[in-house]
Amino acid sequence: MATAFLLFDAVLHMLAIEPVVESFGDLGFPGWQALPIGILELACLALYAIPRTSVLGAVLLTGYLGGAVCAHFRAESPLMSTTLFPVYLGIAVWAGLYLRIPKVRALVRGA
């Protein structure tokens with residue numbers, strides 16, 4: 001679920017359609033930055049999707065999503081719905097790792 005949403009988001013950023021460019025402007029970013037941010041998101045997502053690099057991908061996606069929280073917080077976006085949405089997505093990313101990688105489950109359980 002998180003992977004599908006992030007893929008959709010990355011593609012929209014790379015296409016730089018008008019609503020994306022407008023949203024970037026609302027957050028204080030120039031519209032041309034949508035493409036490199038979309039490429040960065042797609043690269044992190046690719047690492048997350050590959051089993052051998054999925055933990056690295058999750059760490060990088062966590063940083064990426066943290067930047068999104070910071071941008072929304074700075075723009076004074078609504079807290080629960082918009083600013084914290086990347087946190088909810090990050091939880092879903094790590095929940096996916098927890099469910100598919102026994103070593104992550106063992107780490108969380110303290111074994």
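Ala, Val, Leu, Ile, Met, Phe, Trp, Tyr, Cys and Pro count as nonpolar, Asp, Glu, Lys and Arg as charged, and the others, Gly among them, as polar. The model is predicted, with local features needing pLDDT of at least 70 and side-chain atom pairs pLDDT 80 or more, while totals for chains, interfaces and linings use all residues. Residues are numbered from 1 along each chain as its sequence is written, and side-chain values use heavy atoms, leaving out hydrogens and water.

**Exercise 1.** Work out how α3 and α4 pack.

*Solution.* Start with the axes, which are lines fitted to C-alpha atoms over the stretch in contact, with angles from 0 to 180 degrees between N-to-C directions. Helix α3 (residues 34–49) and helix α4 (residues 54–74) have axes 6 Å apart, at an angle of about 150°. That makes α3 roughly antiparallel to α4, a label for angles over 145 degrees.

Next, look for contacts (heavy atoms within 4.5 Å). Residues of α3 including Ile 37, Leu 40 and Tyr 48 meet residues of α4, among them Leu 56, Leu 60 and Tyr 64. Sorted by class, the residues of this contact between α3 and α4 give 11 nonpolar, 2 polar and 1 charged.

**Exercise 2.** Describe the lining of the largest pocket.

*Solution.* A pocket is an open set of points on a 1 Å grid over the protein atoms alone, where a 1.4 Å probe fits, with protein on both sides within 12 Å along at least five of seven lines; lining residues have an atom within 4 Å of a point. Here 25 residues line the largest pocket, and Asp 9, His 13, Leu 27, Ala 68 and His 72 lie nearest its centre. Finally, classify the lining: 17 nonpolar, 5 polar and 3 charged.

Conventions. Helices (H or I, at least four residues) and strands (E, at least two) are DSSP runs, numbered from the N terminus. Angles under 35 degrees count as roughly parallel, over 145 as roughly antiparallel, 65 to 115 as roughly perpendicular and the rest as oblique.
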